[in-house]
Structures are given as C-alpha cells and as structure tokens.
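Please look over the following model with its ligand and its pockets in mind. The briefing below is grouped by topic.

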Amino acid sequence: MPELNLVLLGPPGSGKGTQGERLQEDLRLPYYATGDILRAAVRDETELGRTAKEYMDRGDLVPDEVIVGVIAERIDSPEAADGFILDGFPRTEPQAEALAARLTELDRALTGVLLIDVDDEEVVRRLGGRRTCEENGHVFHVDFNPPRSEGVCDLDGSPLVVRDDDEPEVIRHRLEQYHAKTEPLVGYYDGQSLLRLIDGSPTPEAVGAEVERTLATIRLEADEAI
Ligand code: AP5
C-alpha cells in the first residue's frame, strides 16, 4: 500500500485533535500534533518550551524556525516510514514550503490535506467548554463530549484542565492569527490538488465518518495512480 502522509488543517477548535485521536488508532500511523508537542515541552521546561511559552500564552504562533526543525526530525524517523498524520503543522506558508522541501529531499510527498472547517462562532463555543487532560492531552467538552466523571479523564484518570490559551481574549487572538497566517494555506494546497474539505460542524461521529470516506477516496486515487 502506498504511504499515507496527511495534514490536518483548520481553525482552532475545529476538531483536529478529536479526529486526530481517532485517526491514529484507525490508521496506526504516528500522529504529530505540534500544539501537544509544544505543551509537553513547556511542561518539561525544555529550551523549546521556554521559547514557545510566551507565544502560546498570547495566542501567537511560535516562530517558523522554531517549529520546522521539530517536525522535520519526526517525519524523518523510522516510525514514520509508512506515513504520518500532522496536526497543526504547517500553519504558515514558509512552514508549508519547508515541509515540501524536506519531503522532496526524502523522495516523498504529501498524500492529502484535510481541512476540517467550522465558523468562528462555533470555535468560541467549543473552546469555551473544552477540558483537556493534563497528562496526555485527551480532549473533552462540558456539553458536547462530557467525561463520565466531572474533571477526570476517562482514558487515563488525569485531572481535566482549561488550557491557558482557551481564555476568551486569547481565543479571539488565535482566530485572528488563523485567518491572517494559516487560512492562506487553503488556497496553497488547493492549487496543488491536495485539499479535501470536511465540514467540521456536525457531531464528532459524523465528522469522523466523513473523514473515513475522504480517506477511502484518497486511497483509491493513490492506487489508481500507481
Ligand atoms: P494547537 O494545540 O494546535 O491549537 P489549535 O490549532 O488552535 O487547535 P486546538 O487544539 O485548539 O483545536 P482542535 O482543532 O484540535 O480542536 P479539538 O479537537 O481540541 O496549538 C496551540 C498553540 O501552539 C498555537 O496557538 C501556537 O502558539 C502553537 N503552535 C502549534 N503549532 C504551531 C505551528 N505549526 N506554528 C507555530 N505555532 C504553533 O476540539 C475543540 C473542542 O470542541 C473540544 O472540547 C472537543 O471536545 C469539541 N469538539 C470537537 N469536535 C466536535 C464536534 N464535531 N462537535 C462538537 N464539539 C466538538
């Protein structure tokens, strides 16, 4: 089977992490979510975490040169030989160019970019009620996906917390950053015939089913191209 190199694109809170969790189980591919990687680095007080923290707390993107190396290293690792799922990277055109250049050097290419899209109002509603597991980043919502026991992760029993960047002011700023810096990638990838649009507004299960259908189409097209 040809390798599956996927990017999950979309505004903050559109459900990339929610669908990414499902996908990594279904596809058994390594899942690299730059937000999770950066939050772990902040928690572990590494040099990367110290650099990233101030940007993340404000809802700004961390500088391209900081994040590009983090991902380049991972896609080059043996575990990613059959493919990978990137969530939250690339987020700017220079990041997309750097990813393409690295993949070309490795004689590889992206298979598809899934744009999970919702409007700004829905983003605010979702992020306002999000609860995140402190230990492993598992995601819940007080109304749309509540944990069985309030404040406790169903999967690993860790405390559920409100992320620092899920405060209303910061959410608004993250949305501005998305529209200014990340949304241009929609046209960028559409121009390369890699973009697949997924409506992120129905239930997580319905969005998951749409993602599955899209992947089936991508695979069929990849098989036909061989
Ligand atoms: P990151 O962690 O990547 O944040 P994000 O892209 O803003 O995405 P989120 O994690 O907020 O949302 P999501 O789309 O994963 O939604 P989720 O599934 O959780 O990045 C954080 C920061 O790191 C950035 O601001 C930046 O500073 C830095 N950073 C990261 N990558 C970078 C890069 N490449 N370059 C520079 N800086 C970078 O769902 C949200 C909520 O909705 C949950 O509560 C969930 O339960 C609920 N939900 C999900 N789906 C549904 C549904 N279908 N219906 C109802 N509710 C739903």
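**Second largest pocket**

The second largest pocket has a lining of 19 residues, and R39, R43, V161, R163 and D164 are the ones nearest its centre. A pocket here is an open set of points on a 1 Å grid over the protein atoms alone, where a 1.4 Å probe fits and protein lies on both sides within 12 Å along at least five of seven lines, while lining residues have an atom within 4 Å of a point. This is a predicted model, in which local features need pLDDT of at least 70 and side-chain atom pairs count only at pLDDT 80 or more, whereas totals for chains, interfaces and linings use all residues. Residues are numbered from 1 along each chain as its sequence is written, and side-chain values use heavy atoms, with hydrogens and water left out.

- The space in the second largest pocket comes to about 480 Å³, a volume being the space filled by probe spheres set on the points.
- α2 provides the largest share of this lining, five residues, and α2, α3 (47-58) and β5 (130-133) each contribute at least two.
- By class, the lining of the second largest pocket holds 10 charged, six nonpolar and three polar residues, where Asp, Glu, Lys and Arg count as charged, Ala, Val, Leu, Ile, Met, Phe, Trp, Tyr, Cys and Pro as nonpolar, and the others, Gly among them, as polar.

**Ligand surroundings**

- There are 36 residues around the ligand, of which T18, D60, R91, R130 and R174 come nearest; a residue is near a molecule if one of its heavy atoms lies within 4 Å of it.
- The shell around the ligand takes four residues from α2, which gives the most, and at least two from each of α1 (16-27), α2 (34-43), α6 (120-128), β6 (139-141) and α9 (204-225).

- In the side chain of R91, an N or O atom is 2.4 Å from an oxygen atom of the ligand, while a backbone N or O atom of S14 lies 3.2 Å from a ligand oxygen atom.
- For Q95, a side-chain N or O atom is 2.9 Å from a nitrogen atom of the ligand.
- Of the 1,100 Å² of accessible area that the ligand has on its own, the protein covers 96%, with areas from the Shrake-Rupley method and a 1.4 Å probe.

**Overall chain**

- The protein chain contains nine helices and eight strands, which are DSSP runs of H or I over at least four residues and of E over at least two, respectively.

Notes:
A polar contact is a pair of N or O atoms within 3.5 Å; within protein, one must be able to donate a hydrogen and the other to accept it, and residues adjacent in sequence count only if both atoms are side-chain atoms.
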